[in-house]
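Here are some notes for your reading of this model. Please keep the structure open while you go through the points.

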Amino acid sequence: MREGGSLPALIDADDGFKYVLKFRGGGHGTKVLIAEFIGGELARAAGLRVPELVFINLDEDFGRTEGDEEIQDLLQASRGVNLGLHFLSGALTWDESVNHATPEEASRIVWLDAFITNVDRTWRNTNMLLWHSRELWLIDHGASLYFHHNWTGWEKAALSPFPYIKDHALLRDAAQLDEADAEMRRLIIPEIIEDIVDAVPEDWLIQASSEISPTEQRLVYSGFLKTRLSNSNIFVSHARETRNALI
């Protein structure tokens, strides 16, 4: 699937299911997989629909006979643990111009994306699908947590109002942001944040950064998200004011 530099693949796994595989050897490295996993599992914890996320191992022989040199290089660089998203067969792309979420669901999704600083849910690329009786499903959270591209100053980043919310595909429909804030804070608690961060594979963290250790990275991810959670009024107020200006 030639999408940008990531080249995800549709694969048959040995459990009998199809997955969209995100490769650790892709151009943006394992930080994309870390953001995808943390963002997706936080969305699931909040009761939003996200395809099942699984860890998929590619052994050394995988892709050895691949004829495309670029793809073979990608496969060889991706030996070990990668990330798979359950393939939603028959799903349709969410189109902001014709599809609309309820105010409750839109508000919860806007809250989530402001919380995890996801810059990639815009009208240009909604990263939302319609599946099973037109249910709304969320995909692709790899652009979240962008603070981790520079480990210094994460404390300040955690208190950001998230200005990119102005481009969110669902902001106009998000008429219940205060109610969403109360509900999401009830569902996403510090213990859940710790459990999700602790589940990130160790070797992803090793590959992601030579600056700080995996243990330190886990502490930063947890600290960032807990700080952001306890100060959610900052990004909720900003989202509300931005929406009011739009409508």
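This is a predicted model: local features need pLDDT of at least 70, side-chain atom pairs count only at pLDDT 80 or more; totals for chains, interfaces and linings use all residues.

**Notes on the sheet and a helix pair**

1. Ile-11 has Tyr-19 of strand E2 as its bridge partner.

2. Strand E2 covers residues 18–22, and four bridges connect E2 with E1. The two strands run antiparallel.

3. The open sheet has four strands in the order E1-E2-E4-E3, and the pairing is antiparallel. Strand E1 (9–12) and strand E3 (53–58) lie at the edges, each pairing on one side only. On average, neighbouring strands of the sheet are turned by 45° against each other, direction ignored. In general, strands of a sheet pair through backbone hydrogen bonds, in a parallel or an antiparallel way.

4. Helix H1 (residues 30–45) packs on this sheet and touches E2, E3 and strand E4 (80–86). The direction of H1 makes about 150° with that of E3.

5. Turn now to a pair of helices. Two packed helices are described by the angle and the distance between their axes. For helix H6 (residues 190–198) and helix H8 (residues 214–230), the axes come within 10 Å and cross at roughly 150°. Angles over 145 degrees count as roughly antiparallel, so H6 is roughly antiparallel to H8. The crossing of H6 past H8 is right-handed.

6. Which residues of H6 and H8 make the contact? From H6 they are Pro-190, Ile-193, Glu-194, Val-197 and Asp-198. From H8 they are Arg-218, Tyr-221, Ser-222, Leu-225, Lys-226 and Leu-229. Six of the contact residues are nonpolar, one is polar and four are charged.

How values were computed: Residues are numbered from 1 along each chain as its sequence is written. Side-chain values use heavy atoms; hydrogens and water are left out. Axes are lines fitted to C-alpha atoms, for helices over the stretch in contact, and angles run from 0 to 180 degrees between N-to-C directions. Angles under 35 degrees count as roughly parallel, over 145 as roughly antiparallel, 65 to 115 as roughly perpendicular and the rest as oblique. A crossing is left-handed if the near helix is turned anticlockwise from the far one by less than a right angle, and right-handed if clockwise. Contact means heavy atoms within 4.5 Å. Ala, Val, Leu, Ile, Met, Phe, Trp, Tyr, Cys and Pro count as nonpolar, Asp, Glu, Lys and Arg as charged, and the others, Gly among them, as polar. Two strands pair if DSSP finds at least two bridges between them.
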